[in-house]
Amino acid sequence: MAKNTVFSDGAPSSDIMIIGEAPGQEEDIQGKPFVGQSGQLLDNMLRAIGIARRDVYISNIVFWRPPGNRTPTSDEITFCLPYVEAHVKLMNPKVLLLLGGVAVRTILNTVEPITRIRGSVHTYHEMNVIATYHPAYLLRSPAQKYLVFQDLLLLKKIIG
Ligand code: URA
């Protein structure tokens with residue numbers, strides 16, 4: 001059972017809002033998104049393109065850790081969705097970076113796999129959207145990191 005609500009971390013006025021899937025164990029303990037292994041990889045990848053974690057704003061599709069780190073159910077996603085939508089509209093970032101299939105399917109309302117969605121700029125309420133693989137996937141498949149770097153460079157180009 002989740003111990004904490006994990007809502008957001010970082011700079012609310014950032015041009016970049018990152019949305020992942022759901023908190024894991026470490027995130028549940030600390031009450032902050034992306035502070036475990038996936039978060040460390042995310043921080044390193046951002047740093048590699050010259051962006052510090054404290055300069056982005058980070059949240060998730062679901063605000064509580066699903067038991068055993070399973071994928072959130074559609075009921076859990078539907079419950080959080082109005083808050084996620086309001087949150088994104090309120091922050092109104094220049095670019096929304098979606099990490100992983102749950103964030104991509106939920107925000108872009110698509111069933112297309114990330115392989116098809118990544119690599120180009122989409123829009124959500126007039127915000128630019130970049131979709132890429134989740135860092136947890138990269139921990140399992142590090143050979144795919146170059147694709148995420150391509151997506152992050154695209155993000156950097158949009159930010160200017
Ligand atoms: N994975 C996510 O999708 N979000 C987190 O906050 C941590 C791991």
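**Entry 1: the cavity**

I began with the lining of the largest cavity, which by class has 9 nonpolar, 1 polar and no charged residues. Here Ala, Val, Leu, Ile, Met, Phe, Trp, Tyr, Cys and Pro count as nonpolar, Asp, Glu, Lys and Arg as charged, and the others, Gly among them, as polar. The model is predicted: local features need pLDDT of at least 70 and side-chain atom pairs pLDDT 80 or more, whereas totals for chains, interfaces and linings use all residues. Residues are numbered from 1 along each chain as its sequence is written, and side-chain values use heavy atoms, with hydrogens and water left out.

I found 1 cavity of 30 Å³ or more in the structure, and the largest cavity has a volume of about 60 Å³. On a 1 Å grid over the protein atoms alone, a cavity is a set of points where a 1.4 Å probe fits but cannot get out; a pocket is an open set with protein on both sides within 12 Å along at least five of seven lines; lining residues have an atom within 4 Å of a point. Grid points are joined across faces, edges and corners, and a volume is the space filled by probe spheres set on the points.

I noted the residues that line the largest cavity, among them Leu42, Met45, Thr132, Tyr133 and Val148. Helix H2 (37–48), strand E4 (95–99), helix H6 (135–140) and helix H7 (145–159) each give at least two residues to this lining. Helices (H or I, at least four residues) and strands (E, at least two) are DSSP runs, numbered from the N terminus.

**Entry 2: the largest pocket**

I then looked up the largest pocket, whose volume is about 580 Å³. Of the 28 residues in its lining, Glu21, Ala22, Ser38, His134 and Ala136 are the closest to its centre. Helix H1 (25–30), H2, H4 and H6 each give two or more residues to the lining of the largest pocket, and H6 has the largest share, 4 residues. By class, I recorded 12 nonpolar, 11 polar and 5 charged residues in the lining of this pocket.

**Entry 3: the ligand**

I listed the residues around the ligand (a heavy atom within 4 Å): Gly20, Glu21, Ala22, Glu27, Pro33, Phe34, Asn60 and His134. I then checked polar contacts, pairs of N or O atoms within 3.5 Å; within protein, one must be able to donate a hydrogen and the other to accept it, and residues adjacent in sequence count only if both atoms are side-chain atoms. A polar side-chain atom of His134 is 2.7 Å from an oxygen atom of the ligand. A nitrogen atom of the ligand lies 2.8 Å from an N or O atom in the side chain of Asn60, and a ligand nitrogen atom lies 3.1 Å from a polar backbone atom of Ala22.

**Entry 4: two buried residues**

Ser38 belongs to helix H2 and is buried, at 14% relative accessible area. Buried means under 20%, exposed over 50%, and partly exposed in between (1.4 Å probe, protein chains only). Leaving out residues up to four places away in sequence, I found that Ser38 touches His134, Pro135, Ala136 and Leu139, contact meaning heavy atoms within 4.5 Å.

Thr106 lies in helix H4 (residues 101–108) and counts as buried at 18% relative accessibility. By the same exclusion, Thr106 touches Ile61, Ile77 and Leu81.

**Entry 5: positive phi**

Asn109, in the loop between H4 and helix H5 (114–117), has a phi near 50° and is exposed at 69% relative accessibility.
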